[in-house]
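Okay, thanks for coming, everyone.

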Amino acid sequence: MADIFAIQSEVAQQVASALKAAISPEVKKRIEAPPTENLEAFELYLKGNSFFDFTVDGIYRAMEYYNQAIALDENLADAYVGLGRCNWYLAHFGGVPPRAFLDSLQKCFGNSHHVGFKQCRSLWGIGGGIA
């Protein structure tokens with residue numbers, strides 16, 4: 001599993017090359033940067049994704065895994081986005097007040113030194129239906 005991030009980086013670069021896309025040094029650095037150094041946290045994040053099945057029970061289960069991932073690595077930006085996505089669906093379809101989503105969004109932006117701009121921007125985008 002330790003090589004998974006290297007493989008992801010290599011595939012991304014090969015796709016860009018096949019599309020004849022120019023990759024700036026900044027973008028290349030982001031492609032090569034692993035989302036976390038903690039493989040257990042990344043595994044928990046992936047488990048969260050696997051339980052996110054658009055059912056209330058599945059979403060709550062996904063949230064448990066995202067929270068566990070964050071507990072192991074507070075820099076794992078995708079886990080914050082996963083939580084925001086869960087809260088968005090619960091606010092829209094699960095009877096949870098929109099405040100839960102907004103709190104998640106605030107946490108994402110409040111942890112902007114942990115969470116990448118791209119992830120926060122994505123989370124902000126799905127929040128447009130509530131804000």
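This is a predicted model: local features need pLDDT of at least 70, side-chain atom pairs count only at pLDDT 80 or more; totals for chains, interfaces and linings use all residues.

You'll find Asp-73 in the loop between H4 and helix H5, which is residues 77-93. Its side chain makes a polar contact with the side chain of Thr-36, at 2.2 Å.

Is Asp-73 buried or exposed? With a relative accessibility of 11%, Asp-73 counts as buried, because the cut-off for buried is under 20%.

Now who else does Asp-73 touch, once we leave aside neighbours within four places in sequence? The list is Thr-36, Glu-37, Asn-38 and Ala-41.

Over to the partner. Thr-36 sits in a loop too, the one between helix H2 (25-32) and H3. Thr-36 has 4% relative accessibility, so it counts as buried. Besides the Asp-73 contact, the Thr-36 side chain reaches the backbone nitrogen of Asn-38, at 2.9 Å.

Okay, next up, the helix pair. H3 covers residues 39-51 and H4 covers residues 56-72, and their axes come within 8 Å of each other. How do the two run relative to each other? They cross at roughly 170°, and over 145 degrees counts as roughly antiparallel, so that's what H3 and H4 are. The crossing of H3 past H4 is left-handed.

If you want to click on the residues making that contact, on the H3 side they include Ala-41, Leu-44, Tyr-45 and Phe-51, and on the H4 side they include Ile-59, Ala-62, Tyr-65 and Leu-72. Sorted by class, the H3 and H4 contact has 10 nonpolar, 4 polar and 3 charged residues.

Last stop, Glu-43, which is in helix H3. Glu-43 comes out at 40% relative accessibility, so it counts as partly exposed. Going from Glu-43 to Tyr-65, you move 22 residues along the sequence, and the C-alpha to C-alpha distance is 9.1 Å.

That's my tour, so let's go back to the picture and chat.

Conventions: Residues are numbered from 1 along each chain as its sequence is written. Side-chain values use heavy atoms; hydrogens and water are left out. Axes are lines fitted to C-alpha atoms, for helices over the stretch in contact, and angles run from 0 to 180 degrees between N-to-C directions. Helices (H or I, at least four residues) and strands (E, at least two) are DSSP runs, numbered from the N terminus. Angles under 35 degrees count as roughly parallel, over 145 as roughly antiparallel, 65 to 115 as roughly perpendicular and the rest as oblique. A crossing is left-handed if the near helix is turned anticlockwise from the far one by less than a right angle, and right-handed if clockwise. Contact means heavy atoms within 4.5 Å. Ala, Val, Leu, Ile, Met, Phe, Trp, Tyr, Cys and Pro count as nonpolar, Asp, Glu, Lys and Arg as charged, and the others, Gly among them, as polar. Buried means under 20% relative accessible area, exposed over 50%, partly exposed in between (1.4 Å probe, protein chains only). A polar contact is a pair of N or O atoms within 3.5 Å; within protein, one must be able to donate a hydrogen and the other to accept it, and residues adjacent in sequence count only if both atoms are side-chain atoms.
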